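Reader: I am new to this structure and would like to learn how to read a few of its features. Could you take me through them step by step?

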Amino acid sequence: MKLYNTLSKQKEEFHTVKPGVVQMYSCGPTVYYTAHIGNLRAYVCGDILKKTLRFNGYQIEDVMNITDVGHLVGDGDSGEDKVETTARKMGVHPLEIAKKYTDIFMNDIARLNIKPAKHIVPATHCIDGMIELVKTLEKKGCTYRTSDGIYFDASTFPNYFQLSKGSLEGNIGGARVDLGEKRNINDFALWKFVGPNTIQKWDSPWGVGCPGWHIECSAISMQYLPVPFDIHTGGVDHIPIHHTNEIAQTETATGKKMCNFWFHNEFMKIDGGKMSKSLGNVYTMDDIINKGYDPMHLRLLFLQTTYRTVLNFTFEALDAARENYRNIVTALRRHRTATTPTDKKVIANLRQAFTDAISNDLNTPVALAVLHQALKQPDSRDIYDLVTKEFDQVLSLSLDTAASTAPIIATIPAEITALAEQRLAAKKQRDWATADKLRAEITTAGYQINDTPDGYTLTPLK
Ligand code: AMP
Ligand code: ZN
């Protein structure tokens, strides 16, 4: 299996430290808001990676953190803690905010068929490990104190730029950056002192405070995995600062390489630009579902692009993914009930083509092309089984469920089905007002309409 490694900037033959087992760490969400579909792309990419590894016979030992403390509003070492700020605005305890958004996140990833990591670790559960790690760094002479915290002196780590070479924007900063008491632009907080009004705080040898953001991932990965471990995942935005700083901490503390393969998903844009609250284009999983799409349409949209390509989200593209999904399911329904066998050689060739695509740095667009090629074969249950039992182990598009469910209940009168079809057409045009009006008409006539990945179901109301 070949995997692109950000450390070497090339595709490499994948290997593990422990034979047959992949030990991996993923940077988890900062739980002060509902993850948007860009964040969710990162976790779908990680999920495809893990499922491809399983498909190739590996077992997975995986860990993901939940950032419930330490991520500052300024994204660097300035500003207030993001979870704490939201908690203050809402007048509740930060842990309540963290729990609320962790639950939403877990529900969102379940809806996208993302298998959760074996160990999901909130940062607040590992404060002792972080303090120990800062103590180790201090003993090695790599830290210094300022009036607001304990900092890592990046100049003590000669290999500081090993991961970010070629993408240093975040580190360079420029002349106008206010260093405060920091000695160097690349130095970063390991422990921040906090005032009496901060709720989440802990005693430490340096004073009451809270951990920096980067120390949590080094401490948690060291607690759950050996050093080096096999794969570390996250979005490309983490390359120049967060992951660079994780490497500096772990490698300074242990004297060993932190991780062999660094896996980074590219970003998702919306309508060719950045997602931002002010533009009103930050969509969550609920927004997508409320507009009549199924999570599987979004998952398929993600898979139509490789994880290393910037994905431009538009509703037109999501409509096309929905159409693609429906075509796949319609073809699968035909194959499902067919009794003619497919030549074993044809099946073996398709299986090989799929495996080659997915094992070549997770080339999901090519893997999907192989799926379509399979569906074009004469109708056969063998094709159905190949796609739903084998390919879908990796793709996780709920194809068996979708193709086994009847799309429309037979006893529904033709005029109700006609209304449902009109509603489907309205939704396609994103004419939500008409779609809502038609739903109301269908309900008044005594039927319930539910959206499904490939259309809708109608059931008589009791
Ligand atoms: P955060 O909750 O901000 O720590 O982000 C969670 C994950 O989402 C990280 O791995 C980020 O790199 C990733 N991420 C954030 N924004 C995007 C985006 N627009 N597209 C893809 N991944 C993203
Ligand atoms: Zn991290």
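Author: Two packed helices are described by the angle between their axes and the distance between the axes. In this predicted model, the axes of helix H10 (residues 315–336) and helix H15 (residues 414–428) come within 11 Å and cross at roughly 140°.

Reader: Why are H10 and H15 described as oblique to each other?

Author: Angles over 145 degrees count as roughly antiparallel and those under 35 as roughly parallel, with 65 to 115 set aside as roughly perpendicular and the rest called oblique. The crossing angle of H10 and H15 is roughly 140°, and the two helices are therefore oblique to each other.

Reader: Which residues in H10 and H15 meet?

Author: From H10 come Asp319, Arg322, Glu323 and Arg326, and they meet Leu424, Lys427 and Lys428 in H15. Sorted by class, the residues of this contact of H10 with H15 comprise six charged, one nonpolar and no polar.

Reader: Let us turn to the ligand. Which residues around ligand 1 come nearest?

Author: There are 18 residues around ligand 1, and of these Thr30, Gly38, Gly235, Asp237 and Met268 come nearest. By class, the shell around ligand 1 divides into nine polar, seven nonpolar and two charged residues. Helix H1 (37–55) and strand S10 (229–235) each supply at least two residues of this shell, and the largest share, four residues, comes from H1.

Reader: Which polar side-chain atom lies 2.4 Å from an oxygen atom of ligand 1?

Author: That atom belongs to Asp237. A polar side-chain atom of Asn265 lies 3.4 Å from a nitrogen atom of ligand 1, while for Gly38 a backbone N or O atom lies 3.1 Å from a nitrogen atom of ligand 1. Taken alone, ligand 1 exposes 490 Å², and the protein buries 92% of that.

Methods:
Residues are numbered from 1 along each chain as its sequence is written. Chains are lettered from A and ligands numbered from 1 in the order in which they are written. This is a predicted model: local features need pLDDT of at least 70, side-chain atom pairs count only at pLDDT 80 or more; totals for chains, interfaces and linings use all residues. Side-chain values use heavy atoms; hydrogens and water are left out. A residue is near a molecule or strand if one of its heavy atoms lies within 4 Å of it. A polar contact is a pair of N or O atoms within 3.5 Å; within protein, one must be able to donate a hydrogen and the other to accept it, and residues adjacent in sequence count only if both atoms are side-chain atoms. Accessible areas come from the Shrake-Rupley method with a 1.4 Å probe; for residues, only the protein chains shown count as cover. Ala, Val, Leu, Ile, Met, Phe, Trp, Tyr, Cys and Pro count as nonpolar, Asp, Glu, Lys and Arg as charged, and the others, Gly among them, as polar. Axes are lines fitted to C-alpha atoms, for helices over the stretch in contact, and angles run from 0 to 180 degrees between N-to-C directions. Contact means heavy atoms within 4.5 Å.
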